[in-house]
Structures are given as C-alpha cells and as structure tokens.
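Work through the exercises below with the model open beside you. Try each task before you read its solution.

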2 protein chains.
Amino acid sequence: MFPPSIQKLIDSFAKLPGVGKKTAQHYAYFLLRSHRTIARDLSDALRSIEQGITLCRQCQMLCDGALCGTCMNPKRDQRTICVVEQIFDLEAIEKSKEYTGVYHVLHGRISPLDKIAPEDLKIKELIDRVKKLSGEIEIILATNPSNEGEATAIYIQKLLAPFNLKITRIATGIPVGADLEYADEVTLGRAIKGRQKYD
Amino acid sequence: MFPPSIQKLIDSFAKLPGVGKKTAQHYAYFLLRSHRTIARDLSDALRSIEQGITLCRQCQMLCDGALCGTCMNPKRDQRTICVVEQIFDLEAIEKSKEYTGVYHVLHGRISPLDKIAPEDLKIKELIDRVKKLSGEIEIILATNPSNEGEATAIYIQKLLAPFNLKITRIATGIPVGADLEYADEVTLGRAIKGRQKYD
C-alpha cells in the first residue's frame, strides 16, 4: 500500500533493535509530517558514522580519530585504567563524575553460553597496553557484578597477575536509596563482606 | 564523551517520537556494531523520502507520483470512498481485505483541544472530489469511534448532505473475540442499537 520509498524506510527502521513494524511506521510517518531537516540530519548522521568511526587505538572506545578524547586529555590520570564491558558502562561512570583516570572497553564479557570467548574481547589489547606502562599502575575491573562479569574480571585478574600492578574490583553492595529489607541475600552478603571503615 | 558524529546520530534518533536518550544510544550502538549496509540503507531511505514523496492528488494518501496505486487501480470501485483519519487507518482497512473501494485520508480529526480545525484537514479536498463525481456514490465515514472522530464524521456528514450521496458510518460494537461481560456500556449500547438482521 505504501509507496516503495516509504516501505523501504519502514523496513530499514524495523531493523533497529526492539523496533517492530508498527513503531517503524510511526517513525516514518513522523518524519514525513515533520520538517524535512529532521530526516536529513538523521540521514547525514548515519552517513558520517559510515565514514569516520573507529575504535580508539588505546582504550577501544568509539572515536573519530586515532585516540579518543579521554586518552588525549592531559588532565586524566593515564596510570589508572578502568576496565568496562561496554561503551555505555564508560558513559555511566563518566556521568558519576567520580573518576579521573582512563578506560579500557572490552566490548563484551566472556560468556560460553553466547559463544563469546576471551579472544572476542579486547583483552589482548589491554595486556599489550599494560606492558608498555611503567611505574605505579592501577587496573580497576569494572565489569558488571553478574556471573559473566565476575568471571571476566577474574580471568583478566589472573592474566594481569604476573605484572606488577594494583588490581582492584568495583564495590558491590546495596545501591544508594535502596532498602535493606528488599535487597537480595547475595548483594547483602557482599555488602557486609565489603564493609569499609569510616575515615 | 562520544565522538561528535556519534553524538549527532544519537541526538537525531532522540528526535523520533517515543525515543529517549537511552534508546537513541542503543540504536546508534547497534548500527555501529552491525554491518554498515544497515546504516547506509536507512540513510538512503531517509534521503529518498526527502525527494519524491507527495500526497495523492485524489485521496491524499502518501504517494510517489500524482496518483496513488489505489486511485489508479481499475479494479477498485471509484464510486465508494472510505474517509479515514490517518494513513495507518487506511493500511488497517486494506489488511482486512474486505474493502474494494477507494479512500480519502483526512490527515487528522477535528479537535478544538489540540487546535485542529476543519481547515487543517483534507475536508475541502473531499468536497471538491465529490463535486466532480456523478451517479451513485457512497461515502463511508470511517473516522475513529472516539468523541473527536464522531464529531468529525458528523461535521463531514452535514457538509455532504446537500449532495445526492449515500453517506454511511462504520459499525461500532463488540470486537470479534471479545467478552460481552467486559465490554464498556457505551460500546454495548451501540452494539445493541446497531443490531442487524440475519440475511
């Protein structure tokens, strides 16, 4: 029923994750009714990622040059590397504004069920990176506190053990604002085990 | 944190209806991880709607020529015009495969609260279209059975009254597969009022 060009647009939108035919139709219809600059901007933005996006040579974050903004920033502590699973984890940590070091993005976690092996992640790049550094280095393993995230953290920790590094793991415990009564026992156990002295 | 080109893509996606920043990020990340043809196809599809899409001169459906496929189809009954609010209503009726006439898309319904006046809809185009026709014509008013849809139907019905036409309204009643017990009283009242004789 729709003209072929609109059908093609709907089909293209429907390829996005979590977008069904109805949602794709509504996106298309919205763009047809809106000012044409919105469609053009999106089209241009899509074109531009096709050309210039690579991974930062150092931290593996998305980047449009050889090195990303964080790695090139002289104000960031290049001797503290926070290892995260995904680029969005990096974004989340940045938002907390607590962290002044740099990152290393693994692009996944080890997961035999999903057939993701250590070789599929940017672990080799992390080892190569660490080898080049000297002095006091801290590696913060900030993979998710899930089974797979923990396994990935332990795997990396073992690989890094031969180097003279400080290796830490982000704290797990009760989230701020949550209720102890409703916390699961594993989290509660971790929170007690990881208790800290008042400074 | 993201390179400007990716930030621009995220911002563009976030302009789509119902898409927040998180969803926009996930769309962008999906495209970055997928085969680049997906991003390119979407970009091309967006470009193509910018160029060739107009409204059908006759029925106001989206179209990439002067007349849409339905209006040009000699097998469709050009003397039965189904008036719908939106292009998606047209799609829905087409899917039922019950209808062999043509359409007229109003592109909205009269809604004083949303500041949509009759002049904002394709009502004038409908009147002009009807004026050109002769013989036995049926106009099916298939606006939604909501307050605004009903008001729009009544408004059009009054405008068309001077012409020698058969004007009908789609039936409201209990949907197929629904339970009488849980139907609202207005629908139930309409279903009884609109009861039909067995042929």
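Helices (H or I, at least four residues) and strands (E, at least two) are DSSP runs, numbered from the N terminus. This is a predicted model, in which local features need pLDDT of at least 70, side-chain atom pairs count only at pLDDT 80 or more, and totals for chains, interfaces and linings use all residues. Residues are numbered from 1 along each chain as its sequence is written, while chains are lettered from A and ligands numbered from 1 in the order in which they are written.

**Exercise 1. A residue with positive phi**

Task: locate B:His107 and decide whether it is buried, exposed or partly exposed.

Solution. Start with the place: B:His107 sits in the loop between strand 4 and helix 6 (123-132) of chain B. Check the backbone next. Its phi is positive, about 60 degrees, although B:His107 is not a glycine. Now apply the cut-offs: buried takes 20 or more other C-beta atoms within 10 Å of the residue's own, exposed 12 or fewer, and partly exposed lies in between, with C-beta atoms placed from the backbone. B:His107 has 18 C-beta neighbours inside 10 Å, so it counts as partly exposed.

Turn to chain A. A:His107 lies in the loop between strand 4 (101-105) and helix 6 (123-132) of chain A. Its phi is near 60 degrees.

**Exercise 2. Two helices**

Task: describe how helix 1 of chain B crosses helix 2 of chain B.

Solution. Take the axes, which are lines fitted to C-alpha atoms, for helices over the stretch in contact; angles run from 0 to 180 degrees between N-to-C directions. The axes of helix 1 (residues 4-13) and helix 2 (residues 21-33) of chain B come within 8 Å and cross at roughly 125 degrees. Angles under 35 degrees are roughly parallel, over 145 roughly antiparallel, 65 to 115 roughly perpendicular, and the rest oblique. Helix 1 and helix 2 of chain B are therefore oblique to each other.

Finish with the residues. Contact means C-beta atoms, placed from the backbone, within 7 Å. B:Ile6, B:Leu9, B:Ile10 and B:Phe13 in helix 1 of chain B meet B:Ala24, B:Gln25, B:Tyr27 and B:Ala28 in helix 2 of chain B.

**Exercise 3. The sheet**

Task: give the strand order of the open sheet in chain B.

Solution. Strands pair if DSSP finds at least two bridges between them. The 4 strands run in the order 4-3-5-6, with parallel pairing. Strand 4 (101-105) and strand 6 (166-169) of chain B are the edges, each pairing on one side only. Strand 3 (residues 77-84) of chain B pairs with strand 4 of chain B over 5 bridges. There, B:Ile81 stands opposite B:Val102.

Technical notes
Left-handed = near helix turned anticlockwise from the far one by under 90°. Contact = placed C-beta atoms within 7 Å.
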